[in-house]
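Thanks for coming. I will go through one structure today, starting with some backbone details and then moving to packing and the chain contact.

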Amino acid sequence: MVSLTINNRKIKCEDDLTIIQAAKQNGINIPSFCYLEGVHEIGSCRVCVVEVEGAKTLQASCMAKVREGMVVKTNTEQVRKARKVVYELLMSDHNQNCLICSRSGSCEFQELGEILRINEENPYEGAKSKEGMIDSSNPSIERDLSKCILCRRCVTVCNEIQGVGVLNSQNRGFASFVGPTADFELMDLNCTYCGQCTMVCPTGALKEKSSINEVWEAINNPDKRVVVQTAPAVRAALGEEFGYEPGTLVTGKMAAALRMLGFDDIFDTNFAADLTILEEGTEFLGRVKKMLNSESVTLPMITSCSPGWIKFIEHNFPEQLDHLSTCKSPHMMLGALAKSYYADQLKMDSKDMYVVSIMPCTAKKYEVTRQEMETDVDAVLTTRELARMIKDAGIEFTMLSNEEFDSPMGLSSGAADIFGTTGGVMEAALRTVYEVVTGDPAPFDNLHVESVMGLESIKEGSVTFAKTLPEYSGLEGQTVRFAAASGLSSARKLMDDIKKGESPYAFIEIMACPGGCISGGGQPRPTTDEIRIKRMNAIYREDESKTLRKSHENEAVTKLYENFLKEPNGHISHELLHTSYVKRG
Amino acid sequence: MIKSFEELNLVKFNRTQMLRKMDKVINVCYGAGCISANCESIYREISSVLKEYGLFEKIKINQTGCIGACDLGPSMYIQPDDVYYCKLKPADIRVIVEEHIIKGNIVTEKCYFDKVKNEYYEHLRDIPFFSKQQKLVLKNCGFMDYHSLVAYIGNDGYHSLYYVIKEKTPKGVVNEIKDSGLRGRGGGGFPTGVKWELGAKAVGDQKYIICNADEGDPGAFMDRCLLEGDPHSVLEGMAIGAYAIGANKGIVYIRAEYPLAVDRLSDAIKQARDVGLLGDNIFNSDFSFDVEIRIGAGAFVCGEETALMSSIEGKRGEPNQKPPFPTDSGLYGKPTVINNVETLANVPMIILNGTGWFKKFGTEKSKGTKVFALAGAVRNSGIVEVPMGVTLGDIIFDIGGGIKNNKKFKAAQTGGPSGGCLTAEALNTPVDYDSLKEKGAIMGSGGLIIMDEDNCMVDVAKFFMEFVQDESCGKCVPCRIGTKRMLEILERITAGLGQEGDIEKLIELGESIKTSSLCGLGQTAPNPVLSTIKYFREEYEEHIRDQKCRAGVCTDLFSSPCQNACPAGVNVPGYLALVSEGRVRDAYDLIRRENPFPAVCGRVCTHPCESKCRRGMLDESLAIADVKRYISDKVFEMNEPFRKIQFPPTSKKIAIIGAGPSGLTCGFYLAQTGHDVTVYDSKPYAGGILRYGIPEYRLPKDILQKEIDILKQSGINMILNTEIGKDISFDDLRKEHDAIYIATGTQLSNTMGINGENLTGVYPGLDFLRDVNMGNEVKVGDKVAVIGGGSTAMDAARTAIRLGASEVHVLYRREEKDMPADRREIEEALEEGVYLHELVTPISIEGHRKVEQIRISNLSQGKFDSSGRRRPVKEIGTEFLMDVDMVIPAVSQHSDLPFVDKEDIEITDWGTFVVEATTGMTKLKGVFAGGDIVRGPDTAIWAIADGKRAAIAIDKYLGGSGNLNKGEDIEIPVARDEESPDEHMRFERRMLMTNERAFNFKEVSKGYHKLNAMAEAMRCLRCDKR
């Protein structure tokens, strides 16, 4: 503990805190801008500067650590002046087209201006450094550098959290900008489109490439049957856009809103998640069986639901692609089924069907353009885009009553719900795999695989098969080790081991975004660990609230197999539900 | 391998023995400057000639590091004769070998030539550039083979390292360096010993010592010289530092732009490793240390230590917030000490000679010496090393040899873009960390850029701002955007688009950037701007308010530098072009648009235009005044009538008091513009000082009268022999006129304040000249002393000669080069037999009732005064008497104004009027003033400029637009695009021979012949064509 004085108040605090943290604990807010607690602390914007007695210049309170006897002033004239000048300078190099910016109203830069009470004409207007620098070449992320204020949060996220390293500071001085090296655009590089950069961007510089207009067009086209599906993580976060506490589930209201927007069929990606478990579980057991027969197989098997992750492995570990499950991601499966099975049911041409996926993800926008499956889904909207559409349509979301998804692809198990969080796919798979192997429910408390729950970036666990059914007798007494990782840096660690042949796991779940889809690149901002946990808890609540909690018990899925697919990993499944990968290097 | 003292000493012993066998050592400078001047060819030639004479056994040739005098290369220094040959060509070598090396005769004409003193210096010890230096750190640079480890050891190298390893504890080393008072030479001046102590105390399994060789200040190359000239001294310093802090790994971070330094340092590292002076168990001790080189890509910011470490770690070279300091968490998070090259090079000699020895150099708080890269407007530039505490003036004027081309010192910039500028006020400031800081500059790493009157301070500030703006890493907002905004404002001002409030904005922004930036670069980036505003605010204001760049640098503000330099703004290239086409009448009219006195100014103008003439950079500046004189000669000769072009009458009445150049100019333009102008003068003739102050041989009265007559055609009424205050009261004058312009000049000579000034035979200069000019009988003495160095003194001296004085002595208190009189006048006076005594001052005038003797004291150059010149001080005991019978004091003059109440009109301590800066209006409404009455004694062209400016102000005051009627527009010949101009000096004008000038007042200059005038005019480069 150290004691120090902030604004004439004597305080005591832990000795490893920064000034901004110590001040906050004691009810003193220091305005800040580039700072993202625990994630990004580089002191570059100079908004959080404070006076520290004895220091020659002002100190960035997000970086300066507290010291015994330190005397800090956060609100002197010099400090206020410095903050004002910094704001005005930032403003002078900012595209001030705020009225038509998608971040207007949720822009941190705007908010800071209000906090600092900037209300005079800017005295420092001058040349703009990044005018017209727009990168909209790729299907997922749009970069408008004229709005970038070089806080570099995205750089930290892209490099340190995701380990992708596409976004970096380029050039020097006034010519500095954040982006790929040379004149490359994201499309030219190994960007995974995870969209984590869009989550931390305080302004409108980084955002998802919007598909709202295309979707409206489809809805307004009388010749199109517009099918919509929503991912499990969306329902746990969409409410935040309408003022609900993080972690509020708005599944029913969401279904109602989608109906009001004019979608023809409101399906649930969860349905396909259950299907995925059957396909992927079967694939896994297939590999295990082969292994038991001493055939050569590639293990560990790794999940393939996260398109950011898929692009990451394709670029960084092209020789390890065999480890991936061949399953398409759930929404792609549903898209494929909608345009085959469901279109057949409706006796319509699949060309007249338009499938929209509401996803917590920006990489999904890219996924639907992949050659291997480009007809399955027509458009992807992020959670944020859906919220905008709802507002745009004049729907008072909070006043909606709960409605249900449509059949046949609306029913899902709790196992599918937890697909939205890190560790969820693994848990869902184990619930089914264990029961398939042994005929008994998985031996976990309340079906939860504690070892892979939570926000930790790499989690691992094991399960020992007991009393196996005859066809899996080879697994009797065998312990299978598994892991779940979220965030691409963590993925890289696991992959490095695999590459070296040192991975101890049989089955690995990887989600590109830290915490999984609940904090996907298309989710509401801000997303902090606190909010991640609330969303995660909501998802587990949804799971626990259901009686149907295992994918293989989903009758709609069973029926689908009976009527259409015949068997998991069967011929039609392979045609419709599985895919292949590309070595990108 | 060198593992013991015996082995080390053996190397030294052998070296000494070898040198003993040599007759001479020839040191050929292999500094970067000399290499580019092809010193290699000199070296080869020496080798071959020595070989030819079989002298290899007796003469040793060294390739040395930079000796410092970079503009003198290629050069060589011969020991033990202490002879320095410079600006060598291969062809010179044979003579030097044959004469000097073989016969022992110094080849004087290949030695250093002092252009100012006009003499050769044979010995290095006599050349002021070297003799005033104190070479400690640079002791080997220029005097030792840079690539020889043996030579370094021969000069006691690596002895200090041996000593500390064997005799001292790390703590002992730290204490010794602390005690020595050594401070960081990179610029910050942090005590090196304290830094080492922090490094030694820091806990860590791995520690580093880094040598910061990322020298980035524009114009600075001290560290480069050291690394290239004496790399082992830096390595030894690093090893000692490493021993002190407990590091086993050293890194030299050096910029990629220094390939030569990298090569030489790499070689040195390899040599040291080969003999075990770097590596494991040095001198068989537990201490192991090795060094590697990291090459930086040349980003200025990487000189900042946290950025430097980021760069070494392979990251973007970007600073991080401190604390933590590198000594706690540095390279790869390990305790790291970072020292500058020069700091480290100081270490071995401190250990070797002891702190007591080291502390003898420098000041109380700044010990030792400092190496500077002296550059800019000084005569001698290069690398210099001085003890801390010498004054800035000593460096500039003694070592630097003063300002090039006799220009005036304006400012010195220390510390590069992080530093600040120092003005003439600071010339007596001792150069040490604290004194410079007190003056608002910093020591910096050693860049010292000298600026003269041709440097525009706004432009200088812009230059540094451009630099930091380019070099800002872009991480933090104030530095990234703030410096850009400051630069934009400066760009605006220098382009003539400055706005009211820009200066305040620069200050506000600058202060904010200083306090809120992340690292040292940003925190100091605004310094050059803030310090130039502090000292040269009026230059900023002139740019903004008047769109004027007095230095003639900001080309957007003027069409040609000569026109810009002319106080009256005469279109010089325009009339030169007209002359070159033979259109002299148009040329005269063009001049008259801005200055109604072409004939006068062609003769007596101090022609500031010529000093800014760009042709001067090629061969010699144009003889602008002489061409102007030619124009007036021709026009007067043609005697064509002048057309009166007067605007319709305005019925406004203006009185002008004083028919000198200022009053007549004002009257001329106002009359042409339609106003009713009356000029009053107490004398019988118009012309003022032109008529009564300047002697006939410089400005013939009929010429002056002719020009005044032409000027009177504008419609001026002239009332002469009428004194205001006596014949007409000032109040009446005010009542009868709508505006008044007072331009009465200065009429009274200042007294000198010494005994004997009231003796008969003391004749104040102005009175003397006036009486001669009025044709009064003036009795001149036989032996005349003239006191002063201005044009009045020269006029008086030459007039005295003409009146028959047998000896005329001009006594001047400074040196001849400092004399304010025009150079040509001084030269002509000397031709005519005037004696000139420099550095003397009269003490008293002796005599019984009349002058018999003058007591004189010699003076010596003292401290610098605010004009940037040394203030002469009396040398005690040097007084002597000179027999004279006439003394003419000509030491400035003043005015007296009986007609106006000093209370009504504000007057300065010097007796001049206080006027509003832009209009020239006094405190009295409608009463304007200009010329010497406002400026004090000044030149005719300024008086003319003031008169014109007052005319504009008066016209506006009376409701006009201020657009004066300057006559018809004149079409100026279009400049031709020519191939590069052929070099040619000025064309000669015709002069009276000295004997033709004796005892008469005939005009000395006879002006140009037509052909020469046209040819001279054609030398004009037409800077106005853009």
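Pro324(B) sits in the loop between helix H13 (305-312) and strand E10 (336-340) of chain B. Helices and strands here are DSSP runs, H or I of at least four residues for helices and E of at least two for strands, numbered from the N terminus. The peptide bond from Pro323(B) to Pro324(B) is cis, with omega near 5 degrees.

This is a predicted model, in which local features need pLDDT of at least 70 and side-chain atom pairs count only at pLDDT 80 or more, while totals for chains, interfaces and linings use all residues. Residues are numbered from 1 along each chain as its sequence is written, chains are lettered from A and ligands numbered from 1 in the order in which they are written, and side-chain values use heavy atoms, with hydrogens and water left out.

On confidence: chain B has a mean pLDDT of 93, and 100% of its residues reach 70 or more. pLDDT is the predictor's confidence in each residue, from 0 to 100. For the complex, the predictor gives an ipTM of 0.92 and a pTM of 0.90.

Chain A has a cis peptide bond from Arg525(A) to Pro526(A), with omega near -5 degrees. Pro526(A) is in the loop between strand E18 (507-511) and H17 of chain A. Asn446(A) is not a glycine, yet has a positive phi of about 55 degrees. Its place is the loop between helix H15 (424-438) and strand E16 (458-464) of chain A.

Next, helix packing inside chain B. How do H11(B) and H14(B) pack? Helix H11 (residues 231-245) and helix H14 (residues 341-353) of chain B pack at about 75 degrees, with their axes 7 Å apart. Axes are lines fitted to C-alpha atoms, for helices over the stretch in contact, and angles run from 0 to 180 degrees between N-to-C directions. H11(B) and H14(B) are therefore roughly perpendicular; the classes are under 35 degrees for roughly parallel, over 145 for roughly antiparallel, 65 to 115 for roughly perpendicular, and oblique for the rest. Residues in this contact (heavy atoms within 4.5 Å) include Val234(B) and Met238(B) of H11(B), and Leu344(B) and Ile351(B) of H14(B). The contact residues divide into 9 nonpolar, 2 polar and 1 charged. Ala, Val, Leu, Ile, Met, Phe, Trp, Tyr, Cys and Pro count as nonpolar, Asp, Glu, Lys and Arg as charged, and the others, Gly among them, as polar.

Now the two chains together. The contact takes 36 residues from chain A and 33 residues from chain B. The chains bury about 2,800 Å² between them, 52% of it on carbon and sulfur atoms; buried area is the accessible area (1.4 Å probe) that two parts lose on being put together, summed over both. In chain A, Tyr124(A), Arg172(A) and Phe174(A) lose the most area to chain B, together 22% of what that side buries.

Helix H2 (residues 77-92) of chain A packs on helix H20 (residues 502-516) of chain B at about 105 degrees, with the axes 10 Å apart. H2(A) and H20(B) are therefore roughly perpendicular to each other. Lys81(A) and Glu508(B) are among the residues that meet there, and they form a salt bridge, the closest N and O atoms being 2.6 Å apart. A salt bridge is a side-chain nitrogen of Lys or Arg within 4 Å of a carboxyl oxygen of Asp or Glu. The count between chain A and chain B is 3 salt bridges.
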